[in-house]
Amino acid sequence: MIHLPHSDHDRRRRPGDEGSDWCYKRRRAVLEKTELEMHLELLISGIAEKSNSSMESNLERLAQSLGTYLITDADRIIDIIIECVCYLREEITAYSTLAGLLNSKKQKFGFELLRQSLEVLREKLVSADFNHALHIVTFLADLVNCHVVSSNSLVEFYEGFMEAACEEGIPQVRSDWFVYAVLHSLPWSGPELNDREKEPLDNLLEGIEKYMLERSTSHAKLLQVWSAMEHEQDEYLCSLWTQISKLRDDGWIERHISRYYVGFDGSLASAVAHNLPLFIPSPHTSVIVYPLPTVVFRFFDYADCPDEGPVLPGAHSIERFLVEKELCSIIENNCYSRKECAAKLVNYRKKTVIPINYMILEVIFSQLFRLPHPPLRPLFYGSLMIELCKTKNMPQVIAQAAELFYQRIDTMQLECIDRLIDWFSYHMSNFEYRWSWVDWNDCLDLNDYAPRRYFVKEVIEKCMRFSYHERICDCLPSSFEEITPEKPFISFLVNQEEKELVAEIERAFRNKAEPKEITEMLREFDKEGNSLATLSTFFSVMLNAAQKSFSHNFVALTRYHETLKELSGVDDESSTALLRTLYDVWKHNRQMMVVLITKMFRMTLLNANAVVSWLLSSYVDQELHRFWLWEALFIIVKHVCGHMNRCKTKLQQMQEKRIKMERSSGNVCQLFCSNKDDGLWMILDDDIEMKKKELKELQDMLKNLFLNILHKLVLFLSEHLVKSEMTEKNHDTYWYRYMMGRFKEMLLKYWCELFEMKQHIDNELFVAAGIDPRIVEVYRQFTALRA
């Protein structure tokens, strides 16, 4: 049975999220449901469940059952149908047919359905729930086939969307959504409109064609998984326009959509078709974040599929688009259970007419490699593919896909390579690391920045995190010795001048001296004023004493937190000294370095800017090609971003509560919060001002952090380009592609925060004269994402 959410809230929210009290409110709402309402919901939402009868028979019986409720519970029936349409995209034609049958029984039902659907559509657009809004538009379009919506009013509805798309002074992403919504629904409504409203439909398509010719697609290159022409990915709106154009040339004939209403032509023909009420989309506001553009991921073609099986739909066919969207919908609706998700995917109703395993994998990889972010956690896709491996032939297809990725990796986006490394190493850890590694021997002849060598080397490193050194070495061919990481070990060396201090510190550790005693002892040794040397020595001895495990290190850092803080002061110099010591001691165990840098930063023992500066300094430039360095950098930036966003959310909550309390009380000095979770406390102007000040400090910290990183990356690339011109050498080396990939990754990974401070970054970095046009072009592609 399909279990629908009990509200229009995003189902991915959790009790710990912002505004988490929704779950308790929803629970109360569930208890208030009547037995009749639950019965109606089970009837209507269960339309897609498997049964021995045909869908047409099920629809006919359901319409008869609901006929008795149309007088007293029509509104509730409409609510459930609209909710099902939002969440069950693959069953839209079933619900449109049901709506047509109920409209034929009661004329007013159809009118109310259209009115309420448009109300919900307006709410979805205002709340920026564009995915569900798209489903409602498709549902309304399909109602024209069921004699619920008149064809001329649907054309007017489309024209209203095109007018909204062509408004002046709005971002292209808003215009794109309205055009995409029209194109997305045309496979359902196109045949009927072509018969009844051919001239208006042609005029509509001419307007869309004009829009497509004028719109910018400069953002597309930044979002492509591959840069080479043979694997270049089409921009999503361009791809859909090509598919709709082909569908029109084919006479609007498609072979995928299940048009159940055809079996009820006699019943539906006598029904009254209603005009859609006038719909004016809500105006643009700067607060709304529209969906970012994407590219259409293409991985397999017909030559990759078995000859004896069904043929893969062509890349420009509308059937390819429709299958992909339905598979995406199945993944979205079952993302909390990999077992259910895998079962629904392999039992996809059209599995006999397409190479189902290839289509499933292509859709999964399209989401995993979507830029800037995948729709779900990457780990989910890995666990889903492991579940799918329990089905027939899927392991062979996944192995084939892994080999294809390796063959095409030279032109793959660096961030996508990192995601591929994470997935493949996780996948190998579930299959005893069995792989034909020797087939990848060609990577051994390449330099460290070459994508193939980087991929294989980092996969081995990640596999060691899942297992242990000896286990992985036993699985690898002897030829891989040069790229296999050495067995992790600590490097603790003591200089002659440090011997006395080291002995005292070790004696204090053995005697379990209190942190205060150790701090005083270190201050005695520090009378000569060489505090950084004393700090480094103490830290290296502490790391050596806690070398057994992560837990030992965490305990040591917690116990001597105040000692480290007093000695360091958490300034840039002391942070750099700690990081250098950490690298010297643990440079043969990169995972330990990442974990300890993260822990120390969260314990406020390290300064964010100092960590970033050190990671991109000449001290570790020999590690630039290793992922651990960038992993640590991304963790630092993510932590600061998260801290700023939490502070921003808290400030908004405080301001909202203050406004509510002022409305309810009027006495500002005696305003109390009545929320049981928050306790009894006053929200004063000083509290809000302090929170604003904290937010401003965090925003400045993050801005400086981004400027620091982007400036260093631009400097690396600029110096390389200048040097290449001076020496008359080709600039397009593996090193250049790698560093350009990291530059793109920084822009995409933190696009939301970067757009908030775009003006500062423009003024302080990219407006400056002398930056190479090739670097500026990448930044322009980034800014075009929300143009």
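I call a residue buried under 20% relative accessible area, exposed over 50%, and partly exposed in between, with a 1.4 Å probe and protein chains only. By that rule, 54% of the 787 residues in the protein are buried.

**Ground rules.** I am working on a predicted model, where local features need pLDDT of at least 70, side-chain atom pairs count only at pLDDT 80 or more, and totals for chains, interfaces and linings use all residues. I number residues from 1 along each chain as its sequence is written, and side-chain values use heavy atoms, with hydrogens and water left out.

**Overall build.** I looked up the secondary structure and found 35 helices and 2 strands. These are DSSP runs numbered from the N terminus: helices are H or I with at least four residues, strands are E with at least two. The C-alpha trace spans about 100 × 75 × 55 Å along the principal axes.

I then checked the radius of gyration, taken over C-alpha atoms; the globule rule is 2.2 Å times the number of residues to the power 0.38. For 787 residues a compact globule would come near 28 Å, and the protein's 30 Å agrees with that.

**Contacts and surface.** I count a contact when heavy atoms lie within 4.5 Å. Of the contacts between residues at least 6 apart in sequence, 77% join residues at least 24 apart. The accessible surface is about 36600 Å², with 50% of it belonging to carbon and sulfur atoms. Those areas come from the Shrake-Rupley method with a 1.4 Å probe; for residues, only the protein chains shown count as cover.

**Charges.** I counted 93 positive and 115 negative side chains, with the centres of the two sets 4 Å apart. Lys and Arg count as positive, Asp and Glu as negative; His and the chain ends are not counted. Each charge is placed at NZ of Lys, CZ of Arg, CG of Asp or CD of Glu.

**Cores.** In soluble globular proteins, nonpolar side chains tend to be buried together. I define a nonpolar core as a set of buried Ala, Val, Leu, Ile, Met, Phe, Trp, Tyr and Cys residues joined through side-chain atoms within 4.5 Å. The largest one has 175 residues, and Phe-365, Phe-369, Met-412, Phe-424, Phe-455 and Phe-743 have the most contacts inside it. Helix α30 (residues 627-664) gives the largest share of this core, 15 residues. Another core lies apart from it, with 92 residues, including Ile-81 and Phe-161.

I followed up on Met-412. Beyond four places in sequence, Met-412 touches Val-225, Trp-226, Phe-369, Phe-405, Ile-417 and Leu-420.

**Glu-387.** Is this residue, Glu-387, buried or exposed? Glu-387 has a relative accessible area of 11%, so I log it as buried. Glu-387 sits in helix α17 (residues 378-388). Setting aside neighbours within four places in sequence, its contacts are Arg-338, Lys-339 and Ala-342.

**Gly-263.** I found Gly-263 in the loop between α12 (236-249) and α13 (265-269). Its relative accessibility is 59%, so Gly-263 counts as exposed. Gly-263 and Arg-523 are 260 residues apart in sequence and 89 Å apart in space, C-alpha to C-alpha.

I noted a cis peptide bond between Leu-371 and Pro-372, with omega about 5°. Pro-372 lies in the loop between α16 (356-368) and α17.

His-147 is not a glycine, but its phi is positive, near 60°. His-147 is in the loop between α7 (130-142) and α8 (151-165). At 22% relative accessible area, His-147 is partly exposed.

Asn-393 also is not a glycine and has a positive phi, about 75°. I place Asn-393 in the loop between α17 and α18 (394-407). Its relative accessible area is 40%, so Asn-393 is partly exposed.
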